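Here are a few notes to go with your first look at this one. Have it open beside you as you read.

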Amino acid sequence: MDFKEWFCLNERDSFTIDPQINSEDAQFYFGRATKLKELQTQLRKGFIDPGVPKIFIYGSYGSGKTQTLYNLAYYLQHDPPKSLQLKPAIVHVALEMQSKSDHLDWHLQLMEALGKERVSQWVDGLFNNVHNMDEALESLFSDYNIINAVKNLRGGGEMPLLAWRWLAGHRLSAGDLQRLQLTRNSGDIGAGDMVKVLIGLGHLAEKNGNKLIFFMDEVEQFRNISNPDCFEAVHNYLRQLAEQKNSSAGFIMSIFALTDDEMPQMMSRGDIKNRIGAINYIEIPPLPSVEDIRTFIYELLSNFIDRKAAEDKIQQQGLAVTLDTYPFDADAFEVLCDYASQDPTKALPRNIIKSITECAISAWDGEKAVIDVEIVNEIASLVFG
Amino acid sequence: MNIETRLPSYLEIVPDKPVERFLRMFILSSKMVEELVIVSPIIGMLRGGVSVSMNRVIERINKERIKTYVITNEPSHDHPSHVQAMTALKQSNFIEIRYNESLHAKVYICRTRDGGFALLGSGNLTETSIQRRIEIGMIIFRRGNGIPLFQELSKWGLERLRSVRGSILIKRMTLRR
């Protein structure tokens, strides 16, 4: 019998949740019904005004920020609100910034995550649905160079790749620019140039029945930028994305910060706060009470345990445990909740899941069918101590 | 058109002494290390010219109370350095040790609070591997698109490998951080 069978796991091999490894894990958001409602409300509102959500979520390491991003994306894909009348085009990106990273680096990461293939399909889709492609492109993109670059995505030979590289912000040679009939490199006139590309692509997505939404993780990487010019360029890019007139390229950014004042400086600046709105700075806090922790664990177990298999096992082996708390016995379950709630700053989903996993491995090591108080005392003191 | 191709910034191929490079990164890291995973069939004391000895590794583990998971073959007297290394590792309260006789993989993972790095390669954690064998390894940094790769390796080392039949618990971790 393997670990999965030992604990009657339901089509999964562990208690760990990681939507980056297993996409189905995105559906889970345990013990935080109120917070989820708040997040979904802001998402819904975003699609009405300004047309796309623009939200910052923040919290400590292990609070579930990444899970929140993936869960919100899952919600939009599987149970979309009425205010979202198009199919969401979800783009996940984990940001990576260095001391001299600027708006070009940020733009490149967003464009690579969006993908040339997806954008090319949108261009093809537009071409197949309009009588006059030039007029259609002019209505979506106000800039001559962007229009030409987008048009070239449908070209032959190496032109589509060159055009994509221009849109993504790579510098092209004079010869390549001439072949694409472009007058300058993208980004030559600042961050606004790149944001125009992104917003235009958002409009192109809409023409194809999609709503473009970026889910950006690890945005605390902005703190790595130490060069003042680079910092201002990124700030300018963010400011223009945050503008009310951007109704086509949405974003939800997750940031490590214990309070909104601790966010990377550019996000707590007045111009950004005014554009995003204080209500869209949403904290993902530790689980606030022992009751929330209890709910979190109950919900996790009820989703991850094959109830029928567990019920049979409990009956056949005469285990002193109920289905609600299996594989923990009732006392062990309560002790775990107590440990997790002792220090509010440590009552984090990551720690709770870690302790459940380690308790299970410990029971497995000792060939115990049930996790008892002895195991929880040993493991929880290591995790929460 | 001239398009530059290069490895993404979250990957690094290390053709020269990859295990020693990992150890140096671990020892020199200024970030707080939360977890260290060592998966190596044979482990030595790392003396004789290796820039980071096993004693230095254990010293940092103890000093910073780093949760460390070691999975290796059961040491035999054919490898006296392995026996010595396991004896030394067993002294630490922050190290969990498991033996698995089927183990052939070599994976090293260092997880910090906001990042980390992992080495996946051919080299054992021994002076022979570092000094005399031709080894290669790939370092994966936990950043950008490297995050899912790092997570998958971590899950394998911290959960799957520890909970397969044959990974026998020899020593528990005993002290809280």
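Why is helix H8 of chain A largely enclosed by the rest of the structure?

1. Seven of the 10 residues in helix H8 (residues 159-168) of chain A are buried, so the rest of the structure largely encloses this helix. Buried means that 20 or more other C-beta atoms, placed from the backbone, lie within 10 Å of a residue's own. Helices here are DSSP runs of H or I with at least four residues, numbered from the N terminus.

2. A word on the source: this is a predicted model, where local features need pLDDT of at least 70, side-chain atom pairs count only at pLDDT 80 or more, and totals for chains, interfaces and linings use all residues. Residues are numbered from 1 along each chain as its sequence is written, and chains are lettered from A and ligands numbered from 1 in the order in which they are written.

3. Back to H8(A): its buried residues include A:Trp164, A:Arg165 and A:Trp166. The buried residues pack against helices H4 (103-114), H5 (116-129), H7 (144-152), H9 (174-179) and H10 (191-207) of chain A. After H8(A) comes A:Gly169, with a positive phi near 100°.

4. Now the two chains: 22 residues of chain A are in contact with 21 residues of chain B, contact being C-beta atoms, placed from the backbone, within 7 Å. Helix H5 (residues 146-160) of chain B gives the largest share of chain B's side, seven residues.

5. Chain A itself is divided into domain 1 (3-16 + 287-384) and domain 2 (32-283), with bounds from an automatic or database domain assignment. Their C-alpha centres lie 40 Å apart. Four residues from domain 1 and five from domain 2 make the contact.

Definitions and conventions:
Helices (H or I, at least four residues) and strands (E, at least two) are DSSP runs, numbered from the N terminus. A residue is buried if 20 or more other C-beta atoms lie within 10 Å of its own, exposed if 12 or fewer, and partly exposed in between; C-beta atoms are placed from the backbone.
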